Amino acid sequence: MTPFGQRLADALGRRGPLCVGIDPHPGLLTAWGLGDDVDGLARFSELCVEAFGDTVAVVKPQVAFFEAYGSAGLAVLERTIADLGEAGALVLADAKRGDIGSTMDAYARTWLSDGSALRSDAVTVSPYLGFGSLAPALDLAAGTGRGVFVLAATSNPEGAQFQRARLDDGRTVAQVVVDECAARNSVARTDGAAQLGSVGVVVGATLTEAPDLSDLHGPILMPGVGAQGGTADDVRRLAGDHLRAVVPNVSRDVLRAGPSVADLRAAVARTLDGFAFLMN
Ligand SMILES: O=C(O)c1cc(=O)[nH]c(=O)n1[C@@H]1O[C@H](COP(=O)(O)O)[C@@H](O)[C@H]1O
């Protein structure tokens, strides 16, 4: 399969620089006139697929909201991932996995192997057990043409406690994560692969300052726009010279426009207008 970074660059070029989250909060289910149950979850997801599948570059189902309904919720997630892919969107499973390497291998197979019912184009992972513990996911993604987004500097205020801590060499933990991802992408580039690597980082749109992203050569997911207070201007400021690698994520701010598919699509179009500068 074409490497994820290349497929992503292509999708952003065709559909515009946006990742929309499918975050079925119980409050949103109620606001959409749906039950806080598996049927409500399934209908919510169907409407999202209809609204975003054929227009948005990347759609990011938040796995937690599906897991909350047990195995039936996971079955909805399987269907949603498959339907989004069929409609032409890239699917980023927001699972934020991270564990010792041998267990990480099982997580990697779940989200990144060709044979899995939950296979997605990319998955979010947490480097808290050490960057090296992510190797099974990074290796499998490279082998199957999929992508990995590693949490570097997250959008929540608590994130700074660890992520801004400094190592002996003076770099912040967030910077080390970015640098490790950059090293992975540079290996791919010497193999003659895509301009945009397949190992991305997550940098919150709510931050005052981003880590140095100059050598990353990979995608930068920026969640925190809208409901968490981040704005398009914040994205512009944090993106610096890396406009073409940035993918802002918006979940609640778009989802609040539902349940009408037309209204959801209009919310996407409005949001994309605000990010037109990312295409220059
Ligand atoms: O990995 C993520 O997507 C993520 C990282 C981060 O630093 N902050 C963050 O908000 N997210 C996710 O992005 C989504 C943001 O949702 P809204 O605040 O509703 O736009 C949620 O699904 C979060 O779990």
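These legends go with close-up views of a predicted model. Local features are reported at pLDDT of at least 70 and side-chain atom pairs at pLDDT 80 or more, while totals for chains, interfaces and linings use all residues. Numbering starts from 1 along each chain as its sequence is written, and side-chain values use heavy atoms, with hydrogens and water left out.

**View 1. The whole chain.** Here's the chain with its twelve helices and eight strands (DSSP runs numbered from the N terminus: H or I of at least four residues for helices, E of at least two for strands). Its C-alpha atoms fill a box of roughly 55 × 40 × 35 Å along the principal axes.

**View 2. The barrel.** Eight strands close up in the order E1-E2-E3-E4-E5-E6-E7-E8, with parallel pairing (two strands pair if DSSP finds at least two bridges between them). Ignoring direction, neighbouring strands of this sheet are turned by 30° against each other on average (axes are lines fitted to C-alpha atoms). Zoom in on E6 (residues 199–203) and E7 (residues 220–222), and you'll find two bridges joining these parallel strands. Val 202 has Leu 221 in E7 as its bridge partner.

**View 3. The shell around the ligand.** There are 19 residues around the ligand, and those that come nearest are Asp 23, Lys 60, Ser 155, Gln 228 and Arg 252 (near means a heavy atom within 4 Å). The shell splits into seven nonpolar, seven polar and five charged residues (Ala, Val, Leu, Ile, Met, Phe, Trp, Tyr, Cys and Pro are nonpolar; Asp, Glu, Lys and Arg are charged; the others, Gly among them, are polar). Strands E3 (90–97) and E8 (246–250) each supply at least two of the shell residues.

View 4. The pairs here are N or O atoms within 3.5 Å. A polar side-chain atom of Ser 155 sits 2.6 Å from a ligand nitrogen atom. For ligand oxygen atoms, the distance is 2.8 Å from a polar side-chain atom of Gln 228 and 3.0 Å from one of Asp 94. The protein covers 90% of the 510 Å² of accessible area that the ligand has on its own (Shrake-Rupley method, 1.4 Å probe).

**View 5. Two backbone details.** The Gly 258 to Pro 259 peptide bond is cis, with omega near 10°. Pro 259 belongs to the loop between helix H11 (252–255) and helix H12 (261–274). Over in strand E3 you'll find Lys 96, a non-glycine residue with a positive phi, near 45°.

Key:
A polar contact is a pair of N or O atoms within 3.5 Å; within protein, one must be able to donate a hydrogen and the other to accept it, and residues adjacent in sequence count only if both atoms are side-chain atoms. Axes are lines fitted to C-alpha atoms, for helices over the stretch in contact, and angles run from 0 to 180 degrees between N-to-C directions.
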